[in-house]
Amino acid sequence: MKKIPVRHIAASAIGLVPLEGFKIRDLHQVLAGNDLVHDLHRHDFYFVLAIRDGAGTHHIDFVPYPVTDHSIFVLRPGQVHQLELMRGTTGYLLEFSPAFYAPDETLSTQRLIRASHKNFCQVESSRSEKLLAILENICQEFSARQQGYVEMIKANLDIFFIEFIRQGQNTNSKPANILL
């Protein structure tokens, strides 16, 4: 059986001093006018893919999911996935290590666990815009690096996961096959 490679968070290519265990990127910059194809691999960090507009396929733990407008994907460290995004896809790619975002509060920890066990969610348009606005704010904080930016990023992650979990009532959401 072929060994599945494990990827780690790499330093950002945008010239900023790396923030250990955290990275966010605009998909427009990631794709740079090309299709993106990532072969089967796993990560040692959390991976959030939020699509505003786009197309492709995302296999998570060998289950195929469509990449469509207003779709959100959340993966836990160790999950296997394969990703294909078509050029023109917009949204954000967020990566963070368990050490970077390790909520001290029990409720925040439970939110992260709940959110990361819902691998795919087709989000209604208005809620998608709200989630993408939170990610835009995180991206701005990450780029500007003003005093307190790490705390702002973590606070926005809390807000993002609260809003994402609220989407749980959506019938298009598909939780991962797990036992809690």
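These notes cover the sheet, the cysteines and the salt bridges of a predicted model.

1. **Sheet order.** The sheet is open and has five strands, running β2-β9-β4-β7-β10. Pairing is antiparallel. β2 (22–26) and β10 (120–122) are the edge strands. Each has a single partner, so one side of each lacks a neighbour in the sheet. From one strand to the next, the twist averages 10 degrees.

2. **The β4–β9 pairing.** β4 spans residues 46–53 and β9 spans residues 90–96. Seven bridges join them in the antiparallel sense.

3. **Cysteines.** The whole structure has zero disulfides. C121 is buried, at a relative accessible area of 0%. C139 also falls under the 20% cut-off for buried, with a relative accessible area of 16%.

4. D35 sits in the loop between α1 (27–31) and β3 (36–43). R87 sits in the loop between β8 (80–85) and β9. The pair therefore ties together parts that are 52 residues apart in sequence. D35 is partly exposed, at 38% relative accessible area, while R87 is exposed, at 53%.

5. **E163 and its partners.** Where does E163 lie? In helix α4 (residues 149–166). E163 forms a salt bridge with R127, the closest N and O atoms being 2.4 Å apart. R127 belongs to helix α3, and the two residues are 36 apart in the chain. E163 is buried, with a relative accessible area of 4%. A salt bridge also joins the side chains of E163 and K130, at 3.4 Å from N to O. K130 is in helix α3 too, 33 residues from E163. K130 is partly exposed, at 45% relative accessibility.

6. **Network.** Which residues do the shared partners join? R127, K130, E163 and R166 form one network of salt bridges.

Conventions. Residues numbered from 1 in each chain as written. Predicted model: local features only at pLDDT ≥ 70, side-chain atom pairs only at ≥ 80, totals over all residues. Heavy atoms only, no water. Pairing = 2+ DSSP bridges. Helix = DSSP H or I, 4+ residues; strand = E, 2+ residues; numbered from the N terminus. Axes fitted to C-alpha atoms, helices over the stretch in contact; angles between N-to-C directions. Disulfide = S-S within 2.5 Å. Buried < 20%, exposed > 50% of the residue type's maximum accessible area, 1.4 Å probe, protein only. Salt bridge = Lys/Arg side-chain N within 4 Å of Asp/Glu carboxyl O.
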